[in-house]
Amino acid sequence: MTTHFVRLALTLACGSLLIACNEASNKQSIPQEIGNESYCSLDGMPLVDYPGPKAQIHYSQGEPDLFCDTVELFAMYLQPEQEKHIVALFVQDMSKNDWEHPTDAWIDARSAYYVWGSKRHGSMGPTLASFAKESDAKAFARTEGGEVLAFDQITLDKVTLDGGVLKDRAM
């Protein structure tokens, strides 16, 4: 009887720990809303002060990284030395946001469609416009230029953090 009770107690304790860990993980996978106190994790820029889509990386431990531009998200995510365990990536659906002042409409970055090479710029210059629907990305590309890409088609060479200055031959 005592062995049975000990096994039951251990099973219940392990189950409670798993539930607690799962709840903590779920809390991390909810995108943070942007406010006046939201700053870019890379350069400290206030997110609300700049145009274009914003992004977030959530990790299994610690606070999420917020980015004032989708290019920064990909530049960090695609780094070969990235060692933190990522649990979620979020970008804004620009079909539901004002380009100059995007505030919400967060979507899973891995399922989003991106327009690379458009004439619209974000806080860091050339950016990747993000959309939940491929049709919205295509419509944006028709009016603003650029190429529609899925998440897995974005490579490190497309997301340099130089703002295009390395490609500027007029300087």
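**Close-ups of a predicted model**

**View 1. Ring pairs tie Phe74, Tyr77, Tyr114 and Phe151 into a cluster.** Everything here comes from a predicted model, so take these legends as a tour of computed coordinates. Counting across the whole structure, there are 5 aromatic pairs. One of them brings phenylalanine 74 together with tyrosine 114 in an edge-to-face arrangement, with 5.1 Å centre to centre and 90 degrees between the planes. Phenylalanine 74 belongs to helix α2 and tyrosine 114 to strand β5 (residues 113–122), so this pair links parts that are 40 residues apart in sequence.

**View 2. Phenylalanine 131 and phenylalanine 140 make a tilted aromatic pair.** Their rings are 5.2 Å apart centre to centre, and the planes make 50 degrees with each other. Phenylalanine 131 is buried, because its relative accessibility is 3%. For phenylalanine 140 the relative accessible area is 11%, so that residue counts as buried too.

**View 3. Four strands line up as an open sheet.** Read across the sheet, the order is β2-β1-β3-β4, and the pairing is antiparallel. Which strands stand at the edges? Those are β2 (65–67) and β4 (106–108); each has a single partner strand, so one side of each has no neighbour in the sheet. Going from one strand to the next, the twist averages 25 degrees. As a quick reminder, strands in a sheet pair through backbone hydrogen bonds, and they can do so parallel or antiparallel.

**View 4. Strand β1 pairs with β2, and helix α2 packs on the sheet.** Strand β1 covers residues 55–59 and runs antiparallel to β2, with 3 bridges joining the two. If you want a residue to start from, pick glutamine 56: its bridge partner in β2 is leucine 66. Helix α2 (residues 70–77) touches β1, β2 and β3 (86–92) as it packs on the sheet. The direction of helix α2 makes about 35 degrees with that of β1. Helix α2 is also where you'll find phenylalanine 74, from View 1.

**View 5. Lysine 158 puts its charged end over a tryptophan ring.** How far is that charged end from the centre of the ring of tryptophan 116? The distance is 4.8 Å, with the lysine 158 end sitting over the ring.

Technical notes. Residues are numbered from 1 along each chain as its sequence is written. This is a predicted model: local features need pLDDT of at least 70, side-chain atom pairs count only at pLDDT 80 or more; totals for chains, interfaces and linings use all residues. Side-chain values use heavy atoms; hydrogens and water are left out. Two strands pair if DSSP finds at least two bridges between them. Axes are lines fitted to C-alpha atoms, for helices over the stretch in contact, and angles run from 0 to 180 degrees between N-to-C directions. Contact means heavy atoms within 4.5 Å. Rings of Phe, Tyr and Trp (its six-membered ring) pair if their centres lie within 6.5 Å; planes under 30 degrees apart count as stacked, over 60 as edge-to-face and the rest as tilted. Buried means under 20% relative accessible area, exposed over 50%, partly exposed in between (1.4 Å probe, protein chains only). A charge sits over a ring if NZ of Lys or CZ of Arg is within 6 Å of the ring centre and within 35 degrees of the ring normal.
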